[in-house]
Amino acid sequence: LNKRQALTLFGNDISPIVLEVEFQTKDRLRFRLYDPNKQRFEVPLKINGPGVTAEEANYEAEFSEDSTHFTIKRKSTGTVLWDSPLVDLFFSNQFLQITTTVPSTSVYGFGEHEHPTFKHNMDFVTYGMFSRDQAPTSFANLYGVHPFYMCVEPDSSAHGVLLLNSNAQDVTLSPNPSLTFRTIGGIFDFYLFMGPTPENVVQQYTEAIGRPHMPAYWSLGFQLSRWGYGSLDVLKETVDRMKHYDIPYDVQHYDIDYMERRLDFTYDKVNFADLPEFMKELKKNGKHNVVILDPFITKDEEPGTYRPYELGQEMGVWINNSDGVTPAVGQAWPPGDSVFPDYTNPRTVEWWTQLCLEFKDVLDYDGIWIDMNEPSNFMRGQYPGCADNEINNPPYTPS
């Protein structure tokens, strides 16, 4: 690309940058913008395509001679699916922005958000994306991040676009209609899926990122879940009431009340004394049990009394500070301070699996409800606070 003459908003501009276009399959195009001189963070998800020629592809990509526009069209109809005026492109160390027109205002996607409607309002609405443990609130980011949208074109063909970037980001929907993506790290790595039906878009998308897990048949049934049963007696009354009113239900969930002082891999021997027997009884009657587990572990129990922490410490599974040695410490449900397992570490998988298997011998559960794995922390940052640097205080904070 040409070098930018004027500086962008926040300095530290990266120039030159490369636009690379890859014809992955006849219905999937990848294009990315990156720094050719320095490796920046990229999501470690390998999406391979066999590669096709321009003749075979159902799309065509054009880069205007004066380098002002990058355009992608649907070959069969000529509909412009993506059009980025490159004068609006920013690529600096901690602020990346790109805008594209979309062929219609029928835009869907960008989960997980509390969206007021399924089809998005395009009147300058901004959605922030960074996974966060927060009760659902309109226009606020939730537990997961899905920077993917589907657009239904004027002739009812559909296409989808994934931005493969896991840094904090936001997207603004404007009435042009257009979309503006902003992120504070990594690169722009886009995948475009040609459809042409919404079903085809989803099939092509999951072919790329991985198909959903096939759920157990029983998990498709009616489920009952509540925080605050408080004791097994209250839970038994609930089960009896369901039976009395002949309300169908297949699965009983157990929120953190069942634990001893909210410690993972324990159960309350006082308020839930007969829980193992009760769960077996429910199972005998054709019901299934799902227990909650929260992926943070207290480090402050008496030494030698809490195996999940001791074993994790021994196996070195915690998320560490920048020094790479001391575990990052925060606060969550359990008493005292908590440490956080690093699920990108294969040893963590061994540790978690081992504890789950051992716990299954205590409570014969059928499923596990993973909660607060964002990760969730009740403090503002870790103890004793986050370093005052540009990573923790970026020049631009997404919505």
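Which residue in β14 does leucine 33 stand opposite? Leucine 33 stands opposite phenylalanine 188. The model described here is predicted.

## Strand β2 and its partners

Strand β2 covers residues 28-34. On one side, β2 pairs with β1 (residues 18-25) in the antiparallel sense, over seven bridges. The two strands form a hairpin, with two residues joining β1 to β2, and threonine 25 stands opposite arginine 28 of β2. Strand β14 (residues 188-193) also runs antiparallel to β2, and six bridges join the two.

In a regular strand the side chains alternate between the two faces of the sheet. In β2, Arg28, Arg30, Arg32 and Tyr34 lie on one side, with Leu29, Phe31 and Leu33 on the other, and both sets are buried. Seven of the seven residues of β2 are buried, so the strand is largely enclosed by the rest of the structure.

## The annotated domain and the parallel sheet

An unreviewed UniProt entry places the feature "domain: Glycoside hydrolase family 31 TIM barrel" at residues 212-396. In the model this span is 25% helix and 12% strand, and its end C-alpha atoms lie 34 Å apart.

An open sheet of four strands, paired in parallel, has the order β15-β16-β17-β21. Strands β15 (223-224) and β21 (367-370) stand at the edges with a single partner strand each, so one side of each has no neighbour in the sheet. Between β17 and β21 there are four bridges, and the strands run parallel; isoleucine 292 has tryptophan 369 in β21 as its bridge partner. Helix α3 packs on this sheet, touching β16 (251-254) and β17, and its direction makes about 160° with that of β16.

## Nonpolar cores

The largest nonpolar core has 38 residues, and those with the most contacts inside it are Tyr254, Tyr258, Leu275, Phe278, Trp351 and Leu363. At least two residues of this core come from each of α2 (232-244), α3 (275-284), β17 (288-293), α4 (307-315) and α5 (346-360). Helix α5 gives the largest share, five residues. Another core, of 37 residues, lies apart from it and includes Leu81, Val107, Leu173 and Phe181.

Beyond its neighbours within four places in sequence, leucine 363 is in contact with Tyr258, Tyr267, Leu275, Pro276, Met279 and Val291.

## Serine 338

Serine 338 belongs to strand β20 (residues 338-339). Serine 338 is buried, with a relative accessible area of 0%. Leaving out residues up to four places away in sequence, serine 338 touches Phe296, Ile297, Thr298, Lys299, Ala328, Val329, Gly330 and Ala332.

## Salt bridges

The structure holds 18 salt bridges. One of them joins glutamate 153 and arginine 74, with the closest N and O atoms 2.7 Å apart. This pair links distant parts of the chain, 79 residues apart: glutamate 153 is in the loop between β10 (148-152) and β11 (158-163), and arginine 74 is in strand β4 (residues 69-74). Glutamate 153 counts as buried at 3% relative accessibility, and arginine 74 counts as buried at 5%.

Aspartate 27 and lysine 26 also meet in a salt bridge (3.1 Å, N to O). Aspartate 27 is buried at 13% relative accessibility, whereas lysine 26 is partly exposed at 44%. In helix α5, arginine 347 and glutamate 350 are separated by about one helical turn because they are three residues apart, and their side chains meet in a salt bridge (4.0 Å, N to O). Arginine 347 is partly exposed at 37%, and glutamate 350 is partly exposed at 45%.

Definitions and conventions: Residues are numbered from 1 along each chain as its sequence is written. This is a predicted model: local features need pLDDT of at least 70, side-chain atom pairs count only at pLDDT 80 or more; totals for chains, interfaces and linings use all residues. Side-chain values use heavy atoms; hydrogens and water are left out. UniProt positions are given in the numbering used here, feature names are shortened, and annotations may be inferred rather than shown by experiment. A nonpolar core is a set of buried Ala, Val, Leu, Ile, Met, Phe, Trp, Tyr and Cys residues joined through side-chain atoms within 4.5 Å. Buried means under 20% relative accessible area, exposed over 50%, partly exposed in between (1.4 Å probe, protein chains only). Contact means heavy atoms within 4.5 Å. Two strands pair if DSSP finds at least two bridges between them. Axes are lines fitted to C-alpha atoms, for helices over the stretch in contact, and angles run from 0 to 180 degrees between N-to-C directions.
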